[in-house]
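Subject: Structure handover

Hello,

Here is the structure we talked about. My notes follow below it.

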Amino acid sequence: MPGLILFGRRWAIASDDFVYPSFGEGLTRIAWEIVLIVILSAHQSGFECLHGHDLKSFYIGATVLNGIEIIIVIILLRISMQGTIKNPWPRRNIQRVLYTKIFMYVSEAVWLCISTYWAFGHDYTCSRSVYWTARAAVICSWIIGFFTFLAIAVAFDPMGSLKKRNLTSLEDGGREVYDVTISPSEVWEKRCRLLCCCVAHREDMGAAFAEIGKIVADFFKDLDLVPTDIAAGLILVQEKQVHSDGQLRVVVTSNDASEIQSTSSQLEPSLPQPKSWMTIFNMAHYMKYAMGSYGWPFYMYEHFFTGLCGLCFHCRCCSCLRKSNNVFKDNICQCNSAAIKKLSGLKQNDLVYVTFKNQFKQVPFYVALDRDKNTVVVSIRGTLSLQDAVTDLSAKGADLDIPGVRDSYCHAAMLDCANYIKSQLESLNLLETAFSKLHDGAGLVITGHSLGAGVAAILAVLLRPKYPHLMCFSFSPPGGLMSTNASKFTQDFVCSVVVGKDLVPRLGMYTLVDLKVKILKALCETNKPKYRILASGCWRLVCCIGPSQETSGRHLQPTQSQSKYSEERSSLLQGKTIQVCWVSFIYVCFFVSQ
């Protein structure tokens, strides 16, 4: 489980992580050994020329060194397969083998440098096939050496130094204090900047990367695990979840308010009671608006082969010359706006305002008219860019001003996004303009998915003092979006829908800490070697193997309410069915304002 210690530092690899790398390297070296022997045998008579003995020496030396490496790789493979994750004692001699292997790497590098001079530094009178084959073999050897160096670089841990630097005489609670030249948060910040290199240069995102680095560093600070340990732990936790006998509570919703009250009365008093407008039909209806905000990428994903033809009739070619008064920051043919109309069924005059401006803490959104429902719809796009991802990860809390509610706070970056949209709505009088185009008594609906769902819920809180009858459909909002008191406040006007097995609504510091504990527990309890755990996880991933049919059959026995829910779903959802009703072999609940 702990990281491997070599050359006085910890590496991001454990002693049982050499099984598959050694197996792959062994096959490669055996194939290379065969190639070298075949070439040496075929050109045996071709080395009788000026400097030909140098080429022959290269082949002989490379064959011998490669043969020794094959033996070391086999030994390393055998040792790495011993023991388990929590029992590294059978692999206690692996460091000696690795030091020997590194010595052989150095020897091969030196020999390769000499061979490069031999292959390219002389003019040969031999047959062209003889010395060009040798040059090709040298180039292949350099390529193999490059990938070897790359593998070592991946295993390098910049925080792995074990040296105690700048020892001070101070004492803090009986502990000696050390000054470390680089902190884990700085390392994670640099890693995040590297992953988001396209936007990392922006000045307004500097604080965000520092904040993300601190959050990640704090989460991993008490763990002595390598990445493969975490992967194996996730596989073990997933196996345990698959075979668990837990069941979810089913909440049946309908268009009939009286039936909702009847169903709600059967629930425990502590559960929130769904409002009359929180129906499956309305969820399906407004989810079209939420999906439309993703524009042409989502439409092409949904209609992979026919999407281009479907968008052509709704695009506006050369829009840079024929500018629209209500569409901003779209592409040259306004493909995103065309996708909104295709996915939501809207017409051009139903779009009041559309913007695809996407920056840090500024997400795309649009305002549309739902004439069938006599509502104004504000739809906010979810995560679709690096800027959106950074916004998601900037999980610092911020105060949410709700009169009469104490300890009210929410996701700071999403609050900034909501304030940005609110300022746009107010400065451009978008809602007033939209209401003027509908009949009297028109309602306001705010919707979004993922990041857009979180921003929509916060925006609903900000707009409710002015629009007390607004409704919000929040599809798969991020976990830990609001504090408990703020979440309870939104129960009357925010309907949060957990879509299938979506990971986003289940994310939060509490669930992440719980997952960390489960991973550690699973790693301590298992007696399987890591390579078998990883192999089983990859096998299930590739072959989509789930639980046995016997287990599935036991979980798939629907209750009366589940059967009733299934019948209602098929009658209420027309056309394409929205997959919001299946979670881990049972039917899903719709969680209201959670």
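Two strands count as paired if DSSP finds at least two bridges between them. Strands (E, at least two residues) and helices (H or I, at least four) are DSSP runs, numbered from the N terminus.

This is a predicted model: local features need pLDDT of at least 70, side-chain atom pairs count only at pLDDT 80 or more, and totals for chains, interfaces and linings use all residues. Residues are numbered from 1 along each chain as its sequence is written, and side-chain values use heavy atoms, with hydrogens and water left out.

**The sheet**

An open sheet of 7 strands runs in the order S5-S6-S7-S8-S11-S12-S13, with mixed pairing. S5 (327-328) and S13 (494-497) are at the edges with a single partner strand each, so one side of each has no neighbour in the sheet.

H14 packs on this sheet and touches S6, S7 and S8. Its direction makes about 55° with that of S7. (Axes are lines fitted to C-alpha atoms, for helices over the stretch in contact; angles run from 0 to 180 degrees between N-to-C directions.) H16 lies across S8, S11, S12 (471-475) and S13, at about 150° to S11.

**Strand S8**

S7 (365-370) joins S8 through 6 bridges, antiparallel. Asp 370 stands opposite Thr 375. The two strands form a hairpin with 4 residues between them, and Asn 374 in the turn has a positive phi of about 55°.

S11 (443-449) joins S8 through 6 bridges too, but parallel. In S11, Val 445 is the bridge partner of Val 377, and Gly 443 is that of Thr 375.

**The cores**

A nonpolar core is a set of buried Ala, Val, Leu, Ile, Met, Phe, Trp, Tyr and Cys residues joined through side-chain atoms within 4.5 Å. The largest has 42 residues; Phe 365, Val 367 and Ile 446 touch the most other members. H16 (451-463) gives the most to this core, with 9 residues.

Beyond its neighbours within four places in sequence, Ile 446 has contacts (heavy atoms within 4.5 Å) that include Val 378, Ile 380, Leu 459 and Phe 473. Apart from this core lies another, of 31 residues, among them Phe 298 and Ala 368.

Regards

Terms used:
Buried means under 20% relative accessible area, exposed over 50%, partly exposed in between (1.4 Å probe, protein chains only).
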